[in-house]
Amino acid sequence: MLRTARRSFLPYRSLQRHRGLATATPIIPANTHGHLPTSQSPITPKLHFFNSVTPDGTQIPTYRVLDGVGNVLEGADFPEIDRALARRMYEQMLQLPVIDNLLYNVQRQGKISFYMTAHGEEATLIGSAAALADDDEILSQYREMAVLLWRGFGFDEIMAQCFGNHEDTCTKGKQMPIHFGSRAHHFHTISSTLATQIPQAAGVAFALTRDPLRRGKNCAAVYFGEGAASEGDFHAGMLLASTIPSPTLFIARNNGFAISTPASEQFHGDGIAARGPGYGVHTIRVDGNDVLAVYSAVKEARRLCLQEGRGVLVEAMTYRVGHHSTSDDSFAYRPRQEVEDRKRIDNPIARFRKFLDARGWWSDAEEDAYKDRVKKEIMKAFRRGETMQHHPVSEMFNDVYGGQEPWNIKEQREELKALLKKYGKDWEPWRNELKKFKGEGKELSE
Amino acid sequence: MTVRDALNTAMEEEMLRDENVFILGEEVARYNGAYKVTKGLLDKFGEKRVVDTPITEMGFGGLAVGAALAGLRPICEFMTFNFSMQAIDQIVNSAGKTYYMSGGSHPCPVVFRGPNGAAAGVGAQHSQDYAAWYGQIPGLKVISPWSAEDCKGLLKAAIRDPNPVVFLENEMLYGVTFPMSAEAMSDNFLLPIGKCKVEREGSDITIVAHSKMVTHSLEAADELAKEGVKAEVVNLRSIRPLDIDTIKKSVKKTNRLVIVEGGFPAFGVGSEICARIVESEAFDYLDAPVERVTGADVPTPYSAPLEALAFPDTPLIVKVAKRALYRSN
């Protein structure tokens with residue numbers, strides 16, 4: 001409102017008086033200063049810098065539907081969910097720490113070389129897994145075993161891969177633990193190099209658009225942490241999914257840490273979500289510890305992704321309760337109290353439990369019985385997998401190449417054959433070692 | 001047929017034969033290719049099969065790997081292999097190793113192709129030869145063709161191969177015309193990956209080369225013939241798998257070996273061939289030490305006379321061959 005008529009004010013000046021933040025974009029009436037020949041960008045004569053993707057300069061809001069104690073928020077965009085789905089989601093969340101605890105300890109006992117837990121991220125993983133179709137292609141980073149379990153991957157298969165025993169079909173003993181992959185479950189083999197799966201996902205999604213049976217029906221969903229999102233591959237993948245374009249669903253697990261690097265040191269902007277609009281990609285930030293919000297957000301993100309055939313980004317805000325991996329002691333860089341507080345104050349499993357309790361969809365008795373059952377089953381799988389023999393020793397030279405084997409592979413196998421023939425039976429250290437392999441090397445030495 | 005046309009024809013034939021084959025890279029579609037190798041293909045096959053990408057080798061290299069893992073057969077063009085370094089993790093760690101690490105369940109049938117090695121007056125960052133870099137990686141196949149026939153038969157074989165293939169062309173050969181046999185002109189013409197070709201038979205000395213250096217080696221053989229030396233010139237064609245058997249057979253016949261390459265000398269193709277010959281029974285047949293003729297151990301200079309000094313030429317090959325024959329002063 002103009003106070004006096006001493007100076008003639010252009011309309012935007014009066015609006016400016018009512019705006020709080022200097023980062024807000026000035027509103028200019030149309031057609032006052034011309035236009036650029038090839039752009040819709042409005043012209044301004046003001047030297048104004050902006051540094052936010054939100055209109056008022058605040059952080060991108062975080063979507064949640066349940067409060068800290070499992071009550072549905074008023075006015076929440078609440079997803080459709082029935083008792084059966086809710087119980088399944090809860091069971092899958094509940095079993096994860098049981099499995100993680102066992103395998104973490106198995107590594108500590110020296111029986112497997114490596115393991116990564118997903119403590120604290122159960123809601124992000126199960127909420128998103130439940131929102132995808134079973135035949136959407138998944139490219140994950142390393143902490144998404146729960147997504148594979150959701151799709152029906154068995155405990156025996158988990159143990160087989162971690163032990164590298166002869167039942168391991170994922171990797172046939174040629175990859176370190178937790179690097180699962182399964183064509184049958186549409187889950188691409190995990191690769192250790194961070195973020196390389198991101199542009200690959202854009203490529204998998206491109207392949208889906210080329211298949212008339214899957215175009216518009218399936219997307220490629222790619223998981224990565226907020227640390228991995230610093231890699232050039234993240235930028236490259238987002239760029240390609242938005243320009244080619246291809247139906248790629250980007251799921252960022254912002255769990256606060258990249259080994260010891262806190263998120264505050266990983267980026268200077270507003271998290272990963274702020275990058276989405278930079279690529280013209282529809283984006284949402286969601287409370288990663290609210291499984292129903294994650295489910296709702298990923299469901300809608302998937303719908304948008306398939307509808308437009310372009311990249312969509314979901315940033316799930318969560319907290320990595322456990323260590324980065326068995327090679328890490330996180331108390332070297334964060335206070336124990338912080339972790340204990342998070343476990344108590346914002347526990348995704350407890351939050352969802354309260355939601356279920358309020359509806360009479362779960363009970364203490366069921367909880368104890370279920371946890372017991374999972375514990376028994378995973379222990380059984382562990383005992384079975386731990387003593388099993390490895391793949392036949394000749395497997396070492398398989399699958400370097402597909403099709404006809406080049407001579408340098410044949411030559412190496414022949415060399416091993418000759419050595420096994422010479423020493424396999426007669427030298428005790430080798431004789432004992434060969435017992436660990438299915439077939440005991442006889443397929444080569446005899 | 002020129003090398004350029006041979007490559008273009010190979011891709012066109014394979015794209016007609018298998019609709020999963022598609023091309024991606026910078027400038028490959030509307031611009032008809034930075035070096036016009038993909039000329040006309042956008043018009044023939046449309047934008048879904050000839051895909052222009054934004055400038056991110058990491059990005060489109062990764063996209064090619066993902067598409068191959070999902071069952072398509074991408075041909076990923078790098079404007080030069082110097083820029084492939086920006087995608088090298090995708091090539092080595094993902095394309096090269098995934099089949100093995102996945103226990104054979106995730107093949108990656110991608111072809112990475114583009115100009116490699118020396119060009120003319122483009123300086124250090126546009127002139128490196130990557131044969132040795134990729135040649136070291138188990139899981140990859142690496143091809144370095146020379147003639148138009150090589151390019152046609154080997155590119156077709158590479159596209160059909162279930163493994164990731166690094167296909168190292170050479171810009172200076174694109175415009176060179178080579179005779180093509182009737183068989184080579186057919187649309188089912190394939191050459192075996194991992195086999196050398198003896199381009200010229202001889203009995204006095206073996207000269208092994210790949211890519212553009214085959215031209216210089218053949219010229220050197222002509223020069224040597226004037227002095228009564230009959231040189232055998234072996235065109236490597238493939239870097240990995242390396243056809244050491246053909247080289248051994250030749251060395252057993254001629255007793256002398258000179259290896260010619262455009263790449264840097266250290267840890268190179270010549271080093272590998274020399275080591276393998278020395279490790280084999282062919283060692284006993286050598287009458288002189290194995291000689292290597294390589295690019296200079298400097299980043300390639302730009303100015304024309306300096307650039308000429310940085311790469312092997314015909315007189316240099318002749319000189320080294322004579323040295324191996326104990327005919328130099």
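A:Phe153 is buried, with a relative accessible area of 4%; buried means under 20% relative accessible area, exposed over 50%, and partly exposed in between, using a 1.4 Å probe and protein chains only. This Phe sits in the loop between helix H4 (145-150) and helix H5 (155-163) of chain A. Helices (H or I, at least four residues) and strands (E, at least two) are DSSP runs, numbered from the N terminus.

What does A:Phe153 touch once its neighbours within four places in sequence are left aside? The list is A:Leu148, A:Ile158, A:Cys170, A:Phe180, A:Ser182 and A:His185, where contact means heavy atoms within 4.5 Å. For a sense of distance, A:Phe153 and A:Lys371 are 218 residues apart in sequence, and their C-alpha atoms are 18 Å apart in space.

A quick word on the ground rules: this is a predicted model, in which local features need pLDDT of at least 70 and side-chain atom pairs count only at pLDDT 80 or more, while totals for chains, interfaces and linings use all residues. Residues are numbered from 1 along each chain as its sequence is written, chains are lettered from A and ligands numbered from 1 in the order in which they are written, and side-chain values use heavy atoms, with hydrogens and water left out.

Now on to another loop of chain A. A:Asp136 is found between helix H3 (122-131) and strand E1 (137-139), and A:Asp136 is buried, with a relative accessible area of 0%. Its side chain makes a polar contact with the side chain of A:Arg302, at 2.6 Å. (A polar contact is a pair of N or O atoms within 3.5 Å; within protein, one must be able to donate a hydrogen and the other to accept it, and residues adjacent in sequence count only if both atoms are side-chain atoms.) Beyond four places in sequence, the residues in contact with A:Asp136 include A:Arg151, A:His186 and A:Lys217. As for H3(A) itself, ten of its ten residues are buried, among them A:Glu122 and A:Leu125.

Next, step back and look at chain B, which has twelve helices and twelve strands. Its radius of gyration is 20 Å, close to the 20 Å that the globule rule gives for 329 residues, so chain B is as compact as a globular protein of that length. That radius is taken over C-alpha atoms, and the rule is 2.2 Å times the number of residues to the power 0.38. Along its principal axes, the C-alpha trace of chain B spans about 60 × 45 × 40 Å. Buried residues make up 61% of the 329 in chain B.
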